[in-house]
4 protein chains.
Amino acid sequence: MMSYRFKGIFTPLTTPYGDDHISPEKLKENIEKYNVFDLSGYVVLGSTGESVFLSDMESEELVKTAKKAAASDKTIIAGTAKESTQLTLEFTNRMANEGADTALIRTPSYMKSLMDEEALRSYFLTIADSSKIPIIIYHIPRSTGLTISSKLIADLSEHPNIAGLKDSSGNVAFLGETIPQLHTNFDFLLGAASIFLPGLIMGASGGIITLSSIAPSQCLRLFSLYREKKWEEAVNLQFELIPLNKAIIETYGIPATKYALDLLGYHGGPCRPPLRSLDQTGKDDMKTILHKLNLL
Amino acid sequence: MMSYRFKGIFTPLTTPYGDDHISPEKLKENIEKYNVFDLSGYVVLGSTGESVFLSDMESEELVKTAKKAAASDKTIIAGTAKESTQLTLEFTNRMANEGADTALIRTPSYMKSLMDEEALRSYFLTIADSSKIPIIIYHIPRSTGLTISSKLIADLSEHPNIAGLKDSSGNVAFLGETIPQLHTNFDFLLGAASIFLPGLIMGASGGIITLSSIAPSQCLRLFSLYREKKWEEAVNLQFELIPLNKAIIETYGIPATKYALDLLGYHGGPCRPPLRSLDQTGKDDMKTILHKLNLL
Amino acid sequence: MMSYRFKGIFTPLTTPYGDDHISPEKLKENIEKYNVFDLSGYVVLGSTGESVFLSDMESEELVKTAKKAAASDKTIIAGTAKESTQLTLEFTNRMANEGADTALIRTPSYMKSLMDEEALRSYFLTIADSSKIPIIIYHIPRSTGLTISSKLIADLSEHPNIAGLKDSSGNVAFLGETIPQLHTNFDFLLGAASIFLPGLIMGASGGIITLSSIAPSQCLRLFSLYREKKWEEAVNLQFELIPLNKAIIETYGIPATKYALDLLGYHGGPCRPPLRSLDQTGKDDMKTILHKLNLL
Amino acid sequence: MMSYRFKGIFTPLTTPYGDDHISPEKLKENIEKYNVFDLSGYVVLGSTGESVFLSDMESEELVKTAKKAAASDKTIIAGTAKESTQLTLEFTNRMANEGADTALIRTPSYMKSLMDEEALRSYFLTIADSSKIPIIIYHIPRSTGLTISSKLIADLSEHPNIAGLKDSSGNVAFLGETIPQLHTNFDFLLGAASIFLPGLIMGASGGIITLSSIAPSQCLRLFSLYREKKWEEAVNLQFELIPLNKAIIETYGIPATKYALDLLGYHGGPCRPPLRSLDQTGKDDMKTILHKLNLL
């Protein structure tokens, strides 16, 4: 049903900082570590990468660095959404020039009540028409307060330059309603690790999941178990991963992801304010969870 | 992991009316039709049964009728929730006397902001202690505006008289977080047909699903395909059932279920006001959907 | 603009219990204390009265007791909502027979998604047509998850047996949109003490406010200051009352109201489970707040 | 209680465009028209100004133009929020250099679940410490999905460089809880015209209200009536303004504001995509509403 151009696991990268500036060097070292895993690609400028906290110059530098550091078979997906059609298109093509292979574009949402079906349709079609690279629609109601209908996704999936959807709604019923309506040239990518296995079974081609930045081999193993139809093992592994995923997504957020990276030998480091560092309870909790998974 | 005391598919019954009163005769005839299917039991006084619109006397009559009409291997589950601990307990035991095998008890919610973890815990434990029949907790945030935590479900699952959970949240991540924590003597029952297959794969023992009142053989076939590990067929059938389920749950509600029953030779009939009858658009839409599924 | 049939302050009564049963005797004593104040009437079977926790028999007894104990110039308003049109109408007339002067009827909400404009319109019109006593529509989105439009309120205000609206939305803009559209024979009653003064200024005729069960003279004084156009004093008193109101409505709920009543010499007592008693922090907090207002 | 440094009515300016670029010339002409009214100042780069759709260069140009075109007694308030502390501070000082007198800074919200009390406190304090111009906190839960507590506002009001709050919550109870706690050097400005009069009565010093861009003299007259204590006339005028305000804020948004401006001889023009132009129904509706107010 899917094109499976975007298959497997894509890892959203965190953004490491130096003093007051992003650190391309640390990003490079992180990516080199990830390169040894069978990950399908990396996302720069995603939510996990604190994209809303970065200047356009820093964004350019991150994309350029990621493209250079990534193994040649890894796809570089860049988050390029601004709120207006024009600014998003300009920024998308700018990131394409820096090396992005694909653009991940969140639904605009500041003017929520005016973002009706036609506004969103026109937004994505206009951008897709003139983007130098394929785009993936990003559906994240938790952040945007906005949902997008199955019907609209299905319509947009017909456009040759709209390659897929990253769905972070966590809503398996939405997935079940949407997937049968999609053009074959379009991929459904899961944004919620908590439903990775059921999502794959229902037809998703893979996922863009923050959990894989901390537990890449476990996530890849879950994907393999699914493909080998080892269902029982797969379900058990899915269960095991849920507490870690909940901690980094719901309970503690990006500061916990970065703390875990520090513990695991990557460059995590602090987030930019107004995000705060993980407090001691959070740190202890994260250690316990990582120990249980034998990651520490 | 589950006890599998509550396994397979339980059908929530609609409530047929005569003039100004429930019609036990019509209910009996509906049940006799359902008896030929391999359904595990019936739910009377559920949301689908318009329980909130019924008098206590009518409720008694429905339970008594259902128990008598049901084939002997079918479990009779009765919705017995009132808002207070005392009234719920009294009503539960009254329905037990009329023949209910199990009680389905919705989280109280009128005083939402005061229904914290301890209030809910104490509510269910007190009732479970003195109920003559096992109870199933009913989680339906869409109606109650209240969620219940995995941890609390897990704690309550230890009680020998709390037999399971009916979860209508539709949230597969919640299911994945909850199931591994449950006592082995406790069943997780799906309340959302839209995620029936993924829910089963993740460990649910069955479902209480309104869809099975209209499409019992399709729902039973989906359950069989799951048990026979015919995954591909199962996914396709799950996809096929989603539009019908969406129509009767999200778009049109109980009036659409009853309209479909009328078309299919059961006693559907009108709902009680303030519920209104399905309008012509809804009727046309339902016919189209039922035709596509070869139910008409 | 208003009829001012329902003018001034109506006090929602809490329900005092004996062992396992309501205590009509204690209710009588409470009412006799309230009778000395210039309150316009009492509400029995309101949210504050834990109506959802009471049996129909207890409800009858409470209405009968209230009618008997109330001074002859006080209006007895009874909360009579059930979820169905038929049951609500029956219960309304039953309470009318027990002495209720007016019925307060909450929007039905269990089947939220089906409670559209027409369903609500028909619900209230049907009841108003056959109710022996005038009815007041009760709008409390916080509990029901349902809002009602200004236009519908305006339409319903034309019915001679629909006497008013109790609005607990706390939304002054809604009030400003609604009041100019109302029939002159219809009163807008505030259900939120936090906006009592601004609501009066915008045209409300009075309020049904729980705060007046604890602080009747302060609430009455606020109403007097408003009528005497002593704006500055009125604003200051409104400010002073906000923390107490917040404590009993948002933070602690009915258990705090009853605790305050105990401190003030009324019969407060425990709530029915699943409501819990106020914990020590809540008690200390309530004492501090009551001291600041010189109520203790 | 208030400092009344920010007193009266501040008009959020819409952003007029030429081909693909903002039009400073048209902005200048609009401002020159507004200069004849007794408005206290103008907001550039507000929600109404489509700030999220503008490039930083365009933003600079707008602020510079506004400062130059505004009569010398008008305060120029610029919306300067980005999501990170650092970027917001930089942009604030950049706009200060272009002529902004005050910065209006929305609560960051993309990472909603992590924007707790401490994160928001630190965000505003850090910016206030280093901003060259005073800042006004902008509370708009409708867009951000985030509320801010009275207590935090009160704490922040102590900072000498935090001059006020623009509150677009529309919640008069919040206002009543907050105002008594504020430092005397801090102003509460209303962001919701629907509650302008009740808000002033409760102690707000003025408002930043989009309605005043279409109906400046009516808004100013309402403010005068309030100050002259002509309550009855004031309430009537408040009622009259509510339908227009509802149309431009809730029903149709910025496209309706701009359409009205076109009708009234200002430069309205189109919005930037993904915002769409007002459709014919909306245009007809706006004309009717403007006629009723004798604005056309």
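1. Quick definition before anything else: a salt bridge here is a side-chain nitrogen of Lys or Arg within 4 Å of a carboxyl oxygen of Asp or Glu. Lys246(B) and Glu177(A) pass that test, with their closest N and O atoms 2.7 Å apart. Bear in mind as you read on that this is a predicted model.

2. While we're on that contact, which elements give two or more residues to the side of chain B that touches chain A? They are helix H7 (172–178), helix H8 (196–201) and helix H11 (231–251) of chain B. H11(B) supplies the largest share of that side, with 6 residues. Sorted by class, the side of chain B facing chain A holds 13 nonpolar, 3 polar and 2 charged residues.

3. Now the contact as a whole. Chain B puts in 18 residues and chain A puts in 18 residues. The size of an interface is often quoted as the accessible area that is lost when the parts come together. For chain B and chain A, that buried area is about 1,800 Å², and carbon and sulfur atoms give 76% of it.

4. How many salt bridges does the rule find across the interface of chain B and chain A? The count is 2. The rule for polar contacts also finds 2 residue pairs across this interface, counting pairs with both residues at pLDDT 80 or more.

5. There is also a pairing between Lys246(A) and Glu177(B), a salt bridge at 2.7 Å from N to O. Lys246(A) sits in helix H11 (residues 231–251) of chain A and Glu177(B) in helix H7 of chain B, so this pair joins two chains.

6. Asp56(D) belongs to helix H2 (residues 56–69) of chain D, and Lys82(D) to the loop between strand E3 (75–79) and helix H3 (85–98), so the pair ties together parts that are 26 residues apart in sequence. Asp56(D) is partly exposed, at 28% relative accessibility, and Lys82(D) is partly exposed as well, at 26%.

7. Over in chain A, Asp56(A), Glu60(A), Lys82(A) and Arg94(A) are linked in a network of salt bridges. Searching the whole structure gives 60 salt bridges over all chains.

8. Last, the symmetry. What superposes chain A on chain D? A rotation of 180 degrees with 0.0 Å of shift along its axis does it, with an RMSD of 0.0 Å. That is the relation of a two-fold axis. Gly145(A) is the residue of chain A that comes closest to the rotation axis, its C-alpha lying at 3.7 Å. Of the interface residues of chain A, 100% are also interface residues in chain D, so the copies meet through the same surface.

Definitions and conventions
Residues numbered from 1 in each chain as written. Chains lettered and ligands numbered in written order. Predicted model: local features only at pLDDT ≥ 70, side-chain atom pairs only at ≥ 80, totals over all residues. Heavy atoms only, no water. Least-squares fit on C-alpha atoms with pLDDT ≥ 70 in both. Contact = heavy atoms within 4.5 Å. Buried area = accessible area lost by both parts, 1.4 Å probe. Polar contact = N/O pair within 3.5 Å; in protein donor to acceptor, adjacent residues only side chain to side chain. Helix = DSSP H or I, 4+ residues; strand = E, 2+ residues; numbered from the N terminus. Nonpolar A, V, L, I, M, F, W, Y, C, P; charged D, E, K, R; others polar. Buried < 20%, exposed > 50% of the residue type's maximum accessible area, 1.4 Å probe, protein only.
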